[in-house]
Amino acid sequence: MAHLVFENVSVRYPIYNARAQSLRHQFMRIATGGKIAAEAGQTVAVTALDDVSFELKSGDAIGLVGHNGAGKSTLLRTMAGIYTQDSGRILREGRIATVLEIGSGMDPELSGYENILRMGMLMGMSLKEARSKIPEIEEFTELGDFLSLPVRTYSSGMSMRLMFAVGTSFQPEILLVDEMFGTGDAGFQEKAKARMHDLIANAEIFVFASHDHVMLGSLCSRVYELKHGKMNHLPDFHVKTLEQPES
Amino acid sequence: MSSRWQQTRSDIFEALGRLPAALFLSWSDTKARYKRSMLGPFWLTLGTAIGVGGLGFVWSTLFKMDKATFIPLLTVGLILWGFIAGIVTESSQLFIQNAQLIRNLRIPLFFYPIKLVLRHLINLAHNAIVIVIVFLIYPPDWHWGAWLVIPGFILVVLNLSWMSLFIGMFAARYRDTETAITNFMPLLFFMSPVLFKAEQLGVGSWIVWLNPFSYFISIVRDPLLGHSSPEFVWPVAIGMVLVGWALTLWMFNSRRTRIPYWI
């Protein structure tokens with residue numbers, strides 16, 4: 001049973017400007033009593049999540065919408081445990097997989113096969129486990145002989161196939177996916193959708209941030225909007241999508 | 001026991017549990033670097049051999065020194081310096097370079113310094129071949145104290161490990177750290193007994209012992225060449241391990257969760 005609970009979670013995100021990241025300016029600030037280089041210490045804190053509470057159980061497929069910078073990625077990273085909350089409690093039960101940015105963890109000089117092993121091990125698999133996933137990944141990505149070539153020769157669509165295949169290869173119980181289907185061709189999008197339907201059908205938790213309303217409508221049972229650090233349920237999301245299909 | 005410290009502890013233990021993965025990845029990093037070359041990682045060995053051979057002959061002639069004492073001294077010194085300077089310099093990129101990984105996968109942060117130190121140990125193992133060759137040509141005059149090279153080397157690795165994490169965190173927060181380090185390393189090179197022995201400086205030798213890296217070179221090289229280190233080298237190296245780790249763990253504990261925001 002997978003479980004993901006947020007209780008009054010707030011995340012504040014410090015933004016450091018060039019001056020705040022300069023050691024010289026920090027020394028100046030101390031030496032001058034903070035009068036001359038007053039700007040140096042200023043870091044702007046953005047409240048990305050403000051007192052958010054929710055409970056996700058097995059079988060939940062959640063969509064996240066919101067403007068650029070509304071905090072969708074921050075929320076996904078907080079769910080994954082990459083960012084730590086400033087206040088509130090988070091309970092995670094289940095193996096988490098993240099498919100957030102294309103290309104993370106891949107070494108462009110190494111072949112597709114070597115990168116499968118690398119990424120598998122970065123995700124916490126043993127070498128043996130990672131090796132055992134290769135046939136399935138070969139089949140799913142349909143990359144064929146390209147898997148023996150260095151990843152730098154891949155198109156962005158191809159590296160995305162590889163990323164997605166590895167990211168979802170170990171049957172995660174909680175799958176967190178950020179907008180990343182822009183680059184796949186139609187055939188792959190269908191396959192990815194089918195695999196996500198499988199994962200959802202296996203009664204696990206799925207959270208998907210996207211601007212693609214059609215995709216959200218077909219994969220997610222509930223959709224939330226993130227705005228000013230708050231999460232609002234959009235009960236009539238599916239109705240609206242049917243009325244005016246957006247791209 | 002606060003929950004913060006418990007989380008820090010589980011970060012460290014989880015990272016130590018991933019030691020096989022760190023080893024595999026650092027080996028695959030090493031391979032990737034020399035992917036499109038014929039000799040592969042043995043370029044490291046060859047490069048070191050050329051450097052040591054050239055410098056050894058030029059300098060021993062220039063300084064009118066006995067080749068049989070100078071060349072082993074220089075070889076071990078240069079290779080150790082390469083190991084130390086490699087870890088210290090690259091640590092300023094420790095978290096910055098892995099930013100994409102840190103922001104996208106949940107990997108214990110303690111994993112990164114482990115991986116960096118392992119990769120440099122792999123490099124050092126390749127370079128050690130040159131030491132073996134030099135020792136075959138100029139056999140050192142070993143006595144019972146030579147075994148001290150093992151605890152000495154362990155102390156050096158323990159020291160460089162906390163330095164890596166410390167510098168990595170500091171450089172992620174303050175970006176000019178990297179420039180500062182690259183500018184200070186040449187100075188520290190001339191302050192360390194790579195090209196000479198500290199005793200040769202006579203009264204001025206105290207200046208060498210201001211440099212922490214001098215202890216690392218002395219504690220490994222002296223037993224390896226059949227000398228004994230000055231007796232104060234051991235307590236200083238052990239003290240550095242204790243104080244350094246205490247300071248680094250305190251900083252890691254209080255600032256660990258900030259690292260993903262800094263990078």
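Reply: Two rings of Phe, Tyr or Trp count as a pair if their centres lie within 6.5 Å. In this predicted model, such ring pairs link B:W81, B:F189, B:F190, B:F213 and B:F216 into a cluster. Over all chains, a search of the whole structure finds 21 aromatic pairs.

Me: Why is the pair of B:W209 and B:F232 called edge-to-face?

Reply: The ring centres of B:W209 and B:F232 are 5.1 Å apart, and the limit for a pair is 6.5 Å. Their planes stand at 90°, and an angle over 60 degrees counts as edge-to-face. The pair is therefore edge-to-face.

Me: What makes this pair a tie between parts of chain B?

Reply: B:W209 lies in the loop between helix 9 (177–190) and helix 10 (212–224) of chain B, whereas B:F232 lies in the loop between helix 10 and helix 11 (233–255). The pair therefore ties together parts that are 23 residues apart in sequence.

Me: How do you know whether B:W209 is buried or exposed, and how is B:F232 classed?

Reply: B:W209 has a relative accessible area of 14%; buried means under 20%, so B:W209 is buried. B:F232 has 36% relative accessibility, which falls between the limits of 20% and 50%, so B:F232 counts as partly exposed.

Me: What makes A:K191 a charge over the ring of A:F140?

Reply: A:K191 lies over the face of A:F140, at 5.2 Å from the ring centre. The distance limit for such an arrangement is 6 Å.

Me: Why are strand 5 and strand 9 of chain A said to stand at the edges?

Reply: An open sheet of six strands in chain A has the order 5-6-7-3-8-9, with mixed pairing. Strand 5 (96–99) and strand 9 (230–233) each have a single partner strand, so one side of each is left without a neighbour in the sheet.

Me: How do you know that strand 3 of chain A pairs with strand 7 and with strand 8?

Reply: Pairing requires at least two bridges. Strand 3 and strand 7 of chain A have four bridges in the parallel sense, and A:L64 stands opposite A:A209 in strand 7. Strand 3 and strand 8 of chain A also pair in the parallel sense over four bridges, with A:V223 as the bridge partner of A:G63.

Me: What makes strand 3 of chain A covered on both faces?

Reply: A:A61, A:G63 and A:V65 on one side and A:I62 and A:L64 on the other are all buried. Five of the five residues of strand 3 of chain A are thus buried.

Definitions and conventions. Residues numbered from 1 in each chain as written. Chains lettered and ligands numbered in written order. Predicted model: local features only at pLDDT ≥ 70, side-chain atom pairs only at ≥ 80, totals over all residues. Heavy atoms only, no water. Phe/Tyr/Trp six-rings, centres within 6.5 Å; stacked < 30°, edge-to-face > 60°. Helix = DSSP H or I, 4+ residues; strand = E, 2+ residues; numbered from the N terminus. Buried < 20%, exposed > 50% of the residue type's maximum accessible area, 1.4 Å probe, protein only. Lys NZ or Arg CZ within 6 Å of the ring centre and 35° of its normal.
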